[in-house]
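Hi,

Here is the structure I promised to pass on.

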Amino acid sequence: MPSKVDVNAWRGVWVFVEQYKGKPARVSFELLGKGRELADKLSVPLTALVLGENVGKLAEDAVASGADRVLLADAPKLSEYTTELYAKIIAEAALREKPEILLVGASPVGRDLAPTLSYRLSGGCTADCTSLDVDLDKRLLVSTRPAFGGNVMATIICPDHRPQMSTVRPGVMPLPEPDPARKGEIVKLPVDLSSVTPKVRVLESRLRESEGGNICEAEKVVGIGMGAGSKAGFDAIRELAKLLDAEVAGTRPAVEAGWISHDCQVGQTGKTIRPSLYVACGISGTVQHTAGMSGAKTIVAINKDPNADIFKFADYGIVGDAAKIVPKIIERLKSEKG
Ligand code: FAD
């Protein structure tokens, strides 16, 4: 890595728009919202990077969600994400155009792509951030992320290298409201991959079936805490989730007890979610849990302790035994559904 670069030669904010079979990762659009804010503060354009096959519509959606410009690489060879091809195209474009900031979602793909890019571009990458801002005087990206198992929040800057890169956890930033009338430039990137003999060939790709589906993308989530703790209690909560068309998530102790998989843990050391509805069943409401769900639009809490902290976050609180209340809600929902 060079000891320093001419940081003034790098300008602009870029966001990588991840997609799977044309469906964008929600986190990429959350980042377009944040990228727009940072670009406005720095008075520079916001550029979206869209790679894939038949992804022209995604480029238009990126403009509607805040991009001034889209760099579009559309080719059959890009239909599946592979590190080598995606990193080659993005790194070449970045070396040519020199963005000062490059944001990537902290998804499995993003966690693979971002460090590869940061190595190729000799930039600095802060992984798994929960908040981003800029220090305008120094034109520095200020990235915050939990450290030491979530016990402290670290603020990280990259003063001497460009681009400044961050991966950002899904769900921590709000989705921008798309404006279909927004205008932006869509620039086709040259896709010359003839010199690349990929070391990896994707033979087949399938979405992993996890117990909790994708809680970050879910509109409704039912959360399990230690107060819901019995086999009958879980069965009822799962039934409730099914009736609500919701995913099941929960607290760290619920994961440690083996009741739900780690994929479904919400909180500081789990996932951050922003569903329209979160139903917290037997959850006390510690800061480590609420850090991951307080952005939900409507929170319903069921807890037998009227002083439980979760009620400070809840829009609707039900004081009582979850084992009795959940079946009653199920009964009511069933009768309403006919
Ligand atoms: P408890 O705190 O035991 O609460 C159970 C609640 O259920 C109580 O409020 C009780 O009144 C209620 N209850 C009991 N019986 C009933 C009943 N029959 N009906 C209704 N209510 C009932 N936690 C996370 O969730 N996510 C994280 O990412 C996370 N990261 C952490 C990181 C660090 C570094 C540390 C130290 C901790 C972390 N934790 C995390 C753990 C966190 O501090 C809490 O211990 C945890 O969130 C509490 O889980 P809980 O609410 O399920 O259990």
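Val 70 sits in strand β5, residues 69–74 (helices, H or I of at least four residues, and strands, E of at least two, are DSSP runs numbered from the N terminus). Val 70 is buried, at 0% relative accessible area; buried means under 20% and exposed over 50%, with partly exposed in between, using a 1.4 Å probe on protein chains only. Leaving out residues up to four places away in sequence, Val 70 touches Ala 48, Val 50, Ala 59, Ala 62, Val 63, Glu 185, Ile 186 and Val 187 (contact is heavy atoms within 4.5 Å). Its C-alpha is 8.6 Å from that of Leu 46, 24 residues apart along the chain.

A caveat: this is a predicted model, so local features need pLDDT of at least 70 and side-chain atom pairs pLDDT 80 or more, while totals for chains, interfaces and linings use all residues. Residues are numbered from 1 along each chain as its sequence is written, and side-chain values use heavy atoms, without hydrogens or water.

Ala 322, Ile 325, Val 326, Ile 330 and Leu 333 are buried in α8. Seen down the axis, the buried residues of α8 fall within an arc of 140°, so they line one face (the arc is of directions from the helix axis to the C-beta atoms). The face of α8 turned away from that side carries exposed Lys 324, Lys 328, Glu 331, Arg 332 and Ser 335.

Cheers
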